[in-house]
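Let's walk through this one together, a strand at a time and then a pair of helices.

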Amino acid sequence: ALVSMGSDGRKEQTLITDQDYLIVYGDGGGEEADDWFSRFSELLVERLVEVGFKKCSGDIMPSNPAWRGSTSQWHKKLLATVRHENEDYAKNLMALIVLSDARFVAGDSLLANELVTLIRALEKDYFHVLWGMAKAATEMRIALGFLKRIWTEGAGEHQGEFNLKLLAWAPLVMNVRIIAINQGIPATGTLDRIETLRKEGSFSEGMAAGLTDAYHVLTRHRIFLQIKSIKGIQNDSYYLNPYELPTNEREQIRQALLKIEDLQKVIHTNFHIV
């Protein structure tokens, strides 16, 4: 089974995207199956590149042995990760965050869903894992500065700009993810998670509406930046100068940042993060 993660796992791919996939296969094939899926994974990754899906800069692709394996191999890898048997805590945490958006794409759905269910169960059973993810989420910096104005870089190549993905969009996705995992919600899409959290009472009507608006505002500007990058108008697809925008659009972004800050405070309180 092919399982997607990242933006594809959340069904949130935009105009510029890369590969975030894993492969799981049934037990019993031994080394022959391992070798076959190794060759298959290399081919898959290269074919995806040919049709426009860039290789993942973090090597989260089935061509990397860490992101493919049989059911029992995955079970062993996941247990080692949640138990931090690998000494690199940050790497463990990042892997678990990425796996939180795992979604079946193709192949044997039962095999994929068994793996996804295991991932969700381990994140719930090993509370220190979820607590670590929550701590990381609440510590993500957002582009708010003095008097809750939009913060921008004061010098350098991006003076007067801020990284929309890292300082706004990613913190929103990450913090919504934490609440959803804690509540045992199977949805992977950010908007689906927000709506489900509203229905089951974790989010008030106002908070859900505010976070939904924030998602739409930030995603719209991400796509605009990607269009500029594709057309060669600017070199990257991340940095935005908010003061080039109409006042109402700039205020929409500021309100989105305030909603993310409020969500971080909720998680900080709920998880008793000091």
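Before we start pairing strands, one ground rule: two strands count as paired if DSSP finds at least two bridges between them. Keep in mind, too, that this is a predicted model.

With that rule in hand, go to strand β2, residues 21-25. Three bridges join β2 to strand β3 (residues 68-70), and the two run parallel. If you want a spot to check, look at Y25, whose bridge partner in β3 is S70. To get from β2 to β3 the chain passes through helix α2 (residues 30-50), and this β-α-β crossover is right-handed.

β2 also pairs with strand β1 (residues 2-4), this time in the antiparallel sense, again over three bridges. Here V3 is the residue that stands opposite L22 of β2.

So how covered is β2 itself? Five of its five residues are buried. In a regular strand, side chains alternate between the two faces of the sheet. In β2, Y21, I23 and Y25 point one way while L22 and V24 point the other, and all are buried.

The crossing of α7 and α8 is left-handed. On the α7 side, the contact is made by V173, V176, R177, I179 and A180. T190, R193, I194 and L197 make it from α8.

Methods. Residues numbered from 1 in each chain as written. Predicted model: local features only at pLDDT ≥ 70, side-chain atom pairs only at ≥ 80, totals over all residues. Heavy atoms only, no water. Buried < 20%, exposed > 50% of the residue type's maximum accessible area, 1.4 Å probe, protein only. Helix = DSSP H or I, 4+ residues; strand = E, 2+ residues; numbered from the N terminus. Right-handed = clockwise from strand over helix to strand, strands pointing away. Left-handed = near helix turned anticlockwise from the far one by under 90°. Contact = heavy atoms within 4.5 Å.
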